[in-house]
Amino acid sequence: MSLKHPVVAITGSSGAGTTSVTRTFQEIFRREGIKAAIVEGDSFHRFDRDAMKLAMAEAEQNRDLHFSHFGPEANLLEELETLFRDYGETGVGLARRYLHDEGEAKPYGQEAGTFTPWEELDPGSDLLFYEGLHGAAVTDVVDVAKYTDLLVGVVPIINLEWIQKVIRDKTERGYSSEAVIDTILRRMPDYVKFICPQFSRTYVNFQRVPTVDTSNPFIARTIPTADESFVVIRFADPKVIDFPYLLSMLHDSFMSRPNCIVVPGGKMDLAMQLIFTPLILRLMDKRPKRKA
């Protein structure tokens, strides 16, 4: 952890909704005049798109049917830990970009599904912001979580997570339902072993819970809307949270446990603004003042 160069990490699995949370943080950064060095977790995958297909095929030949992006073997977790540590100490570190599609790849003259070269982050940022699968990862070799100053988990109930993934992968990536289900099943052991434990290390978790039937997520045609959901927000340290203020600002909210507040799904963004703005400003206040 670093007072001088804070590290903020959003962690959640594929289809959890971390991208939406990232947009809320970006709005806070814009409004408060905070310069954030933003790093995507996909950039720390070990293999590019074509190499991952080969690695998966080789794993299957070796009877490893659960090789996935969720596990450490498919990721550069040591490099991620090094980035968090170096940024906390110096305000810079090595990172790269994963180019998801042709639109992202064209400016670099590369193919979609490849990585840009490793480069040092621009100096002068106020904090490092990470969004991806392993912001709170801990293994026998690395401890990414200990180098963060604010850890946020995004973890909808599992059926909703699967609905979001199935619909996204079918509509945006052209996958068949069978292919998406195969991916979910292949990832399950790593999901249990490496993704779920991270949510016990986070400072705050956001878990969206639908109020409509999601009993068979694989036949759903639409994603439950925010207004068809509640959001359970759990705090690791509730003593520093002003729950009466949150309840007064977030109408129709209620406390379910001493460390949990439940808010209507449509108020999730407002809840994040109310919760994270003071936390981010607190991190900024602890930093040494810049010289004029």
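Biologist: Is Cys196 buried, partly exposed or exposed?

Modeller: This is a predicted model, in which local features need pLDDT of at least 70, side-chain atom pairs count only at pLDDT 80 or more, and totals for chains, interfaces and linings use all residues. Residues are numbered from 1 along each chain as its sequence is written, and side-chain values use heavy atoms, with hydrogens and water left out. Buried means under 20% relative accessible area and exposed over 50%, with partly exposed in between (1.4 Å probe, protein chains only). Cys196 has 32% relative accessibility, so the residue counts as partly exposed.

Biologist: Is Cys260 buried or exposed?

Modeller: The relative accessibility of Cys260 is 9%. At that value, Cys260 counts as buried.

Biologist: Which residue in E12 is the bridge partner of Ile233?

Modeller: Strands (E, at least two residues) are DSSP runs, numbered from the N terminus, and two strands pair if DSSP finds at least two bridges between them. E10 (residues 229–235) pairs with E12 (residues 260–264) in the antiparallel sense over five bridges. The partner of Ile233 there is Ile261.

Biologist: Which residue stands opposite Val231 in E10?

Modeller: Strand E9 (residues 204–210) runs antiparallel to E10, and seven bridges join them. Opposite Val231 stands Arg208.

Conventions: Helix = DSSP H or I, 4+ residues; strand = E, 2+ residues; numbered from the N terminus.
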